Amino acid sequence: MDLSIFMNDPLWVVILKALFGFILLILFVLFAIVFERKVLGRMQNRPGPTMNGPFGSLQSLADGLKSMLKEDITPSGVDKVVFMLAPAINVIPAVMIFALIPFAGEVPIPGGTTRLQVTDMPISVLLVLGVTSVGIYGVVLAGWASNSTFPLLGGIRASAQMISYEVAMGLSLVAVFIYAGSLSTSEIVEAQQKLWFCLALIPSFIIFVISIFGESNRTPFDLPEGESEIVGGYLTEYSSMRFAMFYMAEYMAMTNVSAVCTTIFLGGYHAPIPFNWLGMDHGYWGLLWFVVKTVAFMFFMVWVRAAVPRFRYDQFMKLGWKWLIPISLIWVLAVATLRTARTQGWFGQPVIWIVIAVIVVALIAAFLFGGKPEQEKAKEPDGEFDAFAGGFPVPPRPGQVLPELAGVVAADPEPQQGSDEAQRAEHAAPDDQQRAKGDS
């Protein structure tokens, strides 16, 4: 496919396509907010939004208007410049990603045809990964600039989360690049015209789906804003429209990862079977299939939020570093080996089949008999359980004493006791004098 066709469009066509992509993203975000609340409501046996608009369809607009009218509070001690810029830094990359997504193939326009995609380049997927990584800076800066413990912990969690799952997500796409022979989003979609990569590369698809939950801070990986642990994380000190910008960026990220997954693994704008046999796989039909697949994946993300509880942080990091990354490396090696074997004609030799059989038997044996021995039950500690043994999970709040300083405070109780008795004597003296006057 010749990518130079994106450079030959007239300026007015480029502007219209960019405007169309931006409007489509905003509509997706407004739809996603109501859609998630409606689906969660049905899954939890409640109606969801019903008051604003037909069937509550305008609830997201009402929430946005309410956010604009609320008081905007800037806490004392924050870095005001960074505190105000962090929401914008979080939103801008989410808008940039949609410019690289192909919404449809060749479509007719007045005066000719064009591809319904703002732009494309030979390394579009790498640019998408890079822009996604930049988006996390808004979260990190928001936590740092808030000058508070819990927002800072949320920002640190977000940076560790991005580093952990960005690696697994990038490795899961290597197999796609090998099969498609390109890093261009439009060429990857064209390579799935006969078979979608979610079927041809199932391990890559599963690892990518798990990774994008961690990358977009969605439940069960919403640890940077874990309400049960760190109040609201990086969002704790934000209010009014700046909070709404973070809220909107989260749903933009949800839309973006759904669109990227549709493009890379679900065939993009190509029609599913049997609609491709009916001639519904060209022109503006592609826009319909792109929207349907993106909404279907968004439904899956909402379903996971309703069904899976939040991970503990150690479980979350263990899943990324001990499972996803090693499995991704092994899978990339296997795909590269099989592609090389197919092009070199190795499958015509019996030795390769013997090697494959030995590897399969070894993997099955390791899976069945390579488990850890049963761990001995931990002995119950003697005495009363101390929840704060070993230190506090966060810096101590006013009134709390660090364990290493507890001995210093307890070593000199007499002055404090004496001072308390002196204070009580001072308060008691006037009362005794008044009582003596009353007796006389």
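Predicted model: local features only at pLDDT ≥ 70, side-chain atom pairs only at ≥ 80, totals over all residues.
Entry 1: Leu-16 sits in helix α1, residues 11-43; helices (H or I, at least four residues) and strands (E, at least two) are DSSP runs numbered from the N terminus. I noted that Leu-16 belongs to a nonpolar surface patch with Trp-12, Leu-19, Phe-22, Ile-23 and Leu-27, whose accessible area together is about 590 Å². Areas follow the Shrake-Rupley method with a 1.4 Å probe, and for residues only the protein chains shown count as cover. Patch members have over 30% relative accessible area and no salt bridge; nonpolar side chains (Val, Leu, Ile, Met, Phe, Trp, Tyr) are joined within 5 Å, like charges within 9 Å.

**Entry 2: conventions.** I number residues from 1 along each chain as its sequence is written. Local features need pLDDT of at least 70 and side-chain atom pairs pLDDT 80 or more, while totals for chains, interfaces and linings use all residues; side-chain values use heavy atoms, without hydrogens and water.

**Entry 3: salt bridges.** I found two salt bridges, each a side-chain nitrogen of Lys or Arg within 4 Å of a carboxyl oxygen of Asp or Glu. Glu-36 pairs with Arg-305, with 2.8 Å between the closest N and O atoms. This pair joins helix α1 to helix α11 (residues 285-307) across 269 residues. Glu-36 is buried at 1% relative accessible area, whereas Arg-305 is partly exposed at 35%. Glu-190 pairs with Arg-115, the closest N and O atoms lying 3.6 Å apart. Here helix α6 is linked to strand β2 (residues 112-115), 75 residues apart. Glu-190 is partly exposed at 29%, and Arg-115 is buried at 9%.

**Entry 4: Ser-182.** I located Ser-182 in the loop between α5 (149-180) and α6 (185-190); Ser-182 is buried, with 9% relative accessible area. Its side chain makes a polar contact of 2.3 Å with the side chain of Glu-187. A polar contact is a pair of N or O atoms within 3.5 Å; within protein, one must be able to donate a hydrogen and the other to accept it, and residues adjacent in sequence count only if both atoms are side-chain atoms.

**Entry 5: helix α10.** I checked α10 (residues 240-264): its 25 residues should span 36 Å, and its end C-alpha atoms are 36 Å apart, which agrees. The expected span is 1.5 Å times one less than the number of residues. Of the 25 residues in α10, 19 are buried.

Technical notes. Buried < 20%, exposed > 50% of the residue type's maximum accessible area, 1.4 Å probe, protein only.
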